[in-house]
Amino acid sequence: MSELWIATLLASLFCFILKFLGFSMPESILNQPRIQRINSFIPIVLLSALVAVQTFGSKQNVIIDHRLAGVAAAAIALRLKASFPLMMLTAAIVSALVYRIA
Amino acid sequence: MRQNVRVSFDKRTVLRDSLSVAIPVGSYGLAFGAAAVSSGFSVLQSCVLSLFLFSGASQFAVVGVIGAGGGVVSAVATASLLGLRNMFYGFRNAPILKVRGFKKVASAQITIDESTGVSLLQEQRGVAAMRYGFYATGIAVFIFWNLFTLLGSLGAQAIGDPATFGLDAAVPAAFLGLVWPRLIDQRTRLAAAIAVMTALILTPFLPAGLPIIATVIIAIVMGWRAR
């Protein structure tokens with residue numbers, strides 16, 4: 001089986017198990033304030049790191065290219081309370097324009 | 001829950017809440033399908049992820065980490081860590097839904113940000129409305145998300161080089177859109193800023209994918225003590 005299939009199936013399996021565990025877990029574990037606080041920070045740090053790596057990463061290097069223009073445009077769109085589809089479209093158009101010019 | 005008796009509620013009002021969430025999410029599915037294919041996944045693999053993983057941030061993480069050159073372990077670990085919050089949602093939903101057997105499996109599968117969010121919005125309208133909101137949103141998002149994943153992946157397959165259409169910037173923009181509503185105060189913004197710096201500083205020194213997972217330490221440190 002190819003690596004992509006293994007990633008696809010394992011990620012699907014693990015994420016389903018987590019969802020199912022939530023329906024089956026005894027109260028005491030998930031109700032701890034510390035666990036809940038840590039959990040609320042996990043998506044924030046991971047998603048932020050993903051924004052950074054996907055914007056500046058190129059294999060093992062950190063570079064600045066057309067993607068930064070696209071993501072900056074997305075940030076401005078979000079700041080102006082644009083809808084998600086509009087924000088994504090803005091990012092794609094600005095990035096593609098800079099890519100073609102540069 | 002204040003009361004457990006069935007309270008009558010206007011289904012149309014709840015359904016409107018559900019659809020107003022589900023339809024924009026569909027367009028995100030388009031972006032996911034496109035991102036998956038431009039990261040090297042097949043159309044079938046993109047669709048399997050949307051059907052069986054069915055959690056936007058985790059799905060973007062799998063294809064994002066692999067697309068950045070990361071290994072299977074990093075991709076699966078990042079997706080699972082992002083999927084942890086669905087476990088907490090299930091924990092909140094279980095006493096409201098009270099399901100067993102196949103219904104429990106199906107309810108767990110559609111336990112995501114959106115279904116939980118709309119369900120919690122109905123708290124004033126009673127338990128029956130919360131249940132209705134959960135299923136209406138979960139099922140609607142499931143349908144739209146999968147349909148648009150298929151369209152997005154087929155579309156990207158036709159396009160070719162992702163950079164010419166800005167797809168390579170749409171992926172980080174998608175992550176930005178997912179994290180944006182969570183940056184509600186100074187502490188969350190600080191956590192985000194430290195995570196960005198940490199991931200970039202570690203990128204030249206660690207295999208792709210690990211700099212992302214490493215930021216979980218920031219979550220543990222910042223969540224350890226009440227402020």
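Biologist: Which residue follows H4(B) and has a positive phi?

Modeller: The model is predicted: local features need pLDDT of at least 70, side-chain atom pairs count only at pLDDT 80 or more, and totals for chains, interfaces and linings use all residues. Residues are numbered from 1 along each chain as its sequence is written, with chains lettered from A and ligands numbered from 1 in the order in which they are written. Helices (H or I, at least four residues) and strands (E, at least two) are DSSP runs, numbered from the N terminus. The phi in question is near 45°, and the residue that follows H4(B) is B:Lys98.

Biologist: Where does H4(B) bend?

Modeller: H4(B) has 26 residues and reaches 35 Å from its first C-alpha to its last, close to the 38 Å expected at 1.5 Å a residue. That expected span is 1.5 Å times one less than the number of residues. A bend is the angle between axes fitted to the seven residues ending at a residue and the seven starting there; in H4(B) the angle is about 30°, and it lies at B:Leu82.

Biologist: Which helix gives the largest share of the side of domain 1 of chain B that touches domain 2 of chain B?

Modeller: Chain B is divided into domain 1 (11-182) and domain 2 (184-227), with bounds from an automatic or database domain assignment. Contact (C-beta atoms, placed from the backbone, within 7 Å) joins 12 residues of domain 1 to 10 residues of domain 2. The largest share of the domain 1 side, 5 residues, comes from helix H4 (residues 72-97) of chain B.

Biologist: Which element gives the most to the side of chain A that touches chain B?

Modeller: In total, 65 residues of chain A are in contact with 83 residues of chain B. The elements of chain A that give two or more residues include helix H1 (3-24), helix H3 (33-56) and helix H5 (84-101). With 22 residues, the element that gives the most is H3(A).

Conventions:
Contact = placed C-beta atoms within 7 Å.
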